[in-house]
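Biologist: Could you walk me through the side chains here, and tell me which rule stands behind each label?

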Amino acid sequence: MTNLSFSRRKEDNKFGKIIKFFKRFFILIGISATISMVMFSFSISKIMNYTPPALEDQVILAYKFKGGLSDTIQKPSLSNPLISPSISLYEVTDALRKAGADERVKSLVVKLENATYDIAKYQELRDAIKEFRKSGKKAYIYSDSFGGLSNGMGSYYLATAFDQIWMQPVGMVSITGISAEIPFGKDLFKKIGVTPEILHKGKYKSMPESFMNTEMSAPHREMMQAMVGDLYNQITGDIAKDRNFNTAQVKELVNNAPYLDRHALKLKLVDNLGYFDEMLDVAKTGLDSEIKTVSLKSYIARTKPKAKDSGLFAGIKNLMKSDKADDDEELAPKIALIYGSGSITPGDGKSSQSLAIGTDKMPAEKIVKAFNLATKDKAVKTIVFRVNSPGGSPAASETIRRAIVKAQGKGIKVIISMGGAAASGGYWISANADKIIAQPATLTGSIGVFGGKIIFEELWKKLGVSWDAVSIGENADMWSSNKLSSDKTKDKLQMVLNNTYDEFIKRVSEGRKISLERTELIAQGRVWTGKQAKDLGLVDELGGLHRAIEIAKIESGLTESKDLSIEEFPRKKTPIELIIDLAVNGAYGSEFKIDANLLKYVSGINSLFSKSDNDVLKMDYMIIE
């Protein structure tokens with residue numbers, strides 16, 4: 001009996017030791033986790049409250065133009081959530097203008113490296129560079145070559161806004177003109193058994209021709225020739241002014257291009273042949289030998305006023321509070337800045353389909369939310385809406401237009417700033433604005449409509465695939481991509497297109513205060529340059545986003561206000577907010593940007609096709625493009 005009791009006590013003692021071990025283990029885990037959370041919170045708070053060093057008394061500002069330059073302010077990506085993304089067009093131009101008035105900045109040096117921008121974007125950059133130079137500061141630009149064995153018209157156009165143009169020896173100035181090449185796939189579609197069935201309203205509405213024709217129609221060619229001709233005249237005229245030529249001389253230079261390095265120097269197309277470090281040495285001439293060269297991105301960070309609600313705990317507070325402004329809070333007057341970029345689509349853009357892939361989207365509900373937030377903020381006096389879109393859904397366009405009208409009904413002025421394009425649906429959403437500002441090279445108008453479908457019937461036969469179906473309703477198969485439309489369903493579609501076109505005309509007429517007859521003459525699906533559109537009354541003034549903001553100040557009577565702020569709507573979330581948003585909503589529902597470069601659709605096809613529920617490619621039946 002004694003041995004049994006001793007054995008039990010021994011077993012109980014072992015069990016107790018195990019329990020004590022796990023208690024201590026979990027206590028240690030809890031303490032470690034708590035310490036880790038505290039350290040993590042401290043580290044994130046330090047990162048978010050980081051203040052860059054003050055700018056030196058004398059600096060040379062440096063920037064490298066390369067790749068694309070986004071029209072909108074970028075958000076952190078999934079792969080890079082905490083490090084700041086690339087700066088936007090507005091941030092670049094705003095910094096250049098501020099640097100011009102900043103006594104610490106002595107000059108600007110730029111390296112041009114594979115920059116690919118639309119002409120309107122070049123014009124916006126040129127405006128900012130010239131604003132920088134107004135104070136008497138020098139601006140220098142360097143490039144290995146302007147085009148080389150490709151067309152360098154755009155990059156050279158940007159370069160002529162600078163005081164000095166430098167090119168590396170053995171470089172080339174390839175200002176060979178402007179051309180617009182358009183593919184036509186009628187014969188290809190015939191070979192593979194695909195039949196495009198696309199109707200349109202407006203004789204210049206030419207996009208469907210790429211599927212239906214083998215070459216440009218007469219109206220299409222007329223429009224393209226006028227558009228390209230006007231852009232060519234704009235570029236050559238500006239180059240002539242900036243390089244002290246006359247326009248005829250520049251056109252002669254274009255006709256004899258390209259030019260090798262010494263020839264370009266002799267013709268005064270460039271000012272110096274040399275290397276970037278040599279240009280930098282010239283920029284430092286007469287300045288302190290220890291002068292610092294500061295990147296434009298660093299300059300933006302080091303001169304940006306510290307936000308009042310920054311840091312980890314402010315981020316948590318922002319997550320908990322409503323987007324609605326506090327009625328009792330006294331705020332300085334604001335101009336709300338809203339960005340709309342890409343193809344106009346219905347919905348909020350959070351579905352997986354709307355996030356796919358290779359093209360920007362402008363989800364209507366997301367824009368409406370931005371307008372609602374801006375109009376609820378009592379400090380907002382005017383809204384500047386930056387539009388850069390080739391078009392999209394008419395229903396989604398009408399949704400956005402209605403948001404603008406509602407804002408105006410609350411006494412808020414709406415100013416449109418057009419980017420590289422604000423055409424078709426992009427013009428639909430712009431027509432009711434109080435003022436429309438566009439660059440001379442902005443592509444706008446295209447007041448017309450097309451729609452239809454792509455028929456795969458013959459392709460399926462070639463592939464050995466047969467389809468069968470049952471249906472109820474005489475027009476139940478109207479949307480099918482497996483059979484041609486009947487005359488009756490074609491008439492139905494044309495009726496829809498005609499009605500949409502008439503509504504488009506009506507909105508433009510009312511918004512721009514132009515008679516219906518006059519609107520009809522300048523509509524017909526024709527695309528105009530911003531310069532042409534201004535002459536026609538479709539645009540009020542030529543200029544970029546900064547000019548639109550200046551007009552917004554004037555419209556609101558805020559030109560003398562020192563406390564005026566320009567705020568993006570919806571408010572840009574902090575990194576910690578985005579991480580929490582990702583954890584709660586997942587990759588598709590969050591506001592993280594998914595890199596568009598992961599997958600690409602063939603140009604033109606993405607705008608015509610969407611995936612149906614049964615995974616068969618089918619054309620969106622109603623498109624404004």
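Modeller: Let's begin with burial: buried means under 20% relative accessible area, exposed means over 50%, and partly exposed is what lies in between, with a 1.4 Å probe and protein chains only. This is a predicted model, in which local features need pLDDT of at least 70 and side-chain atom pairs count only at pLDDT 80 or more, while totals for chains, interfaces and linings use all residues. Residues are numbered from 1 along each chain as its sequence is written, and side-chain values use heavy atoms, with hydrogens and water left out.

Biologist: Why is Asp-163 called partly exposed?

Modeller: Its relative accessible area is 22%, and the class runs between under 20% for buried and over 50% for exposed, so Asp-163 counts as partly exposed.

Biologist: What makes Asp-163 and Arg-133 a salt bridge?

Modeller: A salt bridge is a side-chain nitrogen of Lys or Arg within 4 Å of a carboxyl oxygen of Asp or Glu. Here the N to O distance is 3.0 Å. Asp-163 belongs to the loop between helix 4 and strand 4 (164-167), and Arg-133 to helix 3, 30 residues apart. Helices (H or I, at least four residues) and strands (E, at least two) are DSSP runs, numbered from the N terminus. Arg-133 has 27% relative accessibility, so it is partly exposed.

Biologist: What makes Glu-222 and Arg-526 a salt bridge?

Modeller: Their side chains meet at 3.2 Å, N to O. Glu-222 is in helix 7, while Arg-526 is in the loop between helix 19 (516-522) and strand 18 (527-529), 304 residues apart. Glu-222 is partly exposed at 40% relative accessibility, but Arg-526 has 10% and therefore counts as buried. In total the structure holds 27 salt bridges.

Biologist: How do you know that the charged end of Arg-526 sits over the ring of Tyr-204?

Modeller: The rule asks for NZ of Lys or CZ of Arg within 6 Å of the ring centre and within 35 degrees of the ring normal. The charged end of Arg-526 is 5.0 Å from the centre of the Tyr-204 ring.

Biologist: Why are Phe-65 and Tyr-117 called edge-to-face?

Modeller: Rings of Phe, Tyr and Trp (its six-membered ring) pair if their centres lie within 6.5 Å; planes under 30 degrees apart count as stacked, over 60 as edge-to-face and the rest as tilted. By this rule there are 10 aromatic pairs. Phe-65 and Tyr-117 are 6.3 Å apart, centre to centre, with 75 degrees between the planes. Phe-65 has a relative accessible area of 2%, so it is buried, and Tyr-117 is buried with 10%.

Biologist: Why is the pair of Phe-146 and Tyr-156 edge-to-face?

Modeller: The centres of the Phe-146 and Tyr-156 rings are 5.7 Å apart and the planes lie at 85 degrees, so this pair is edge-to-face. Both Phe-146 and Tyr-156 are buried.

Biologist: What makes His-220 and Glu-209 a polar contact?

Modeller: A polar contact is a pair of N or O atoms within 3.5 Å; within protein, one must be able to donate a hydrogen and the other to accept it, and residues adjacent in sequence count only if both atoms are side-chain atoms. The side chains of His-220 and Glu-209 are joined at 2.8 Å. His-220 lies in helix 7 (residues 218-242) and has 3% relative accessibility, so it is buried.
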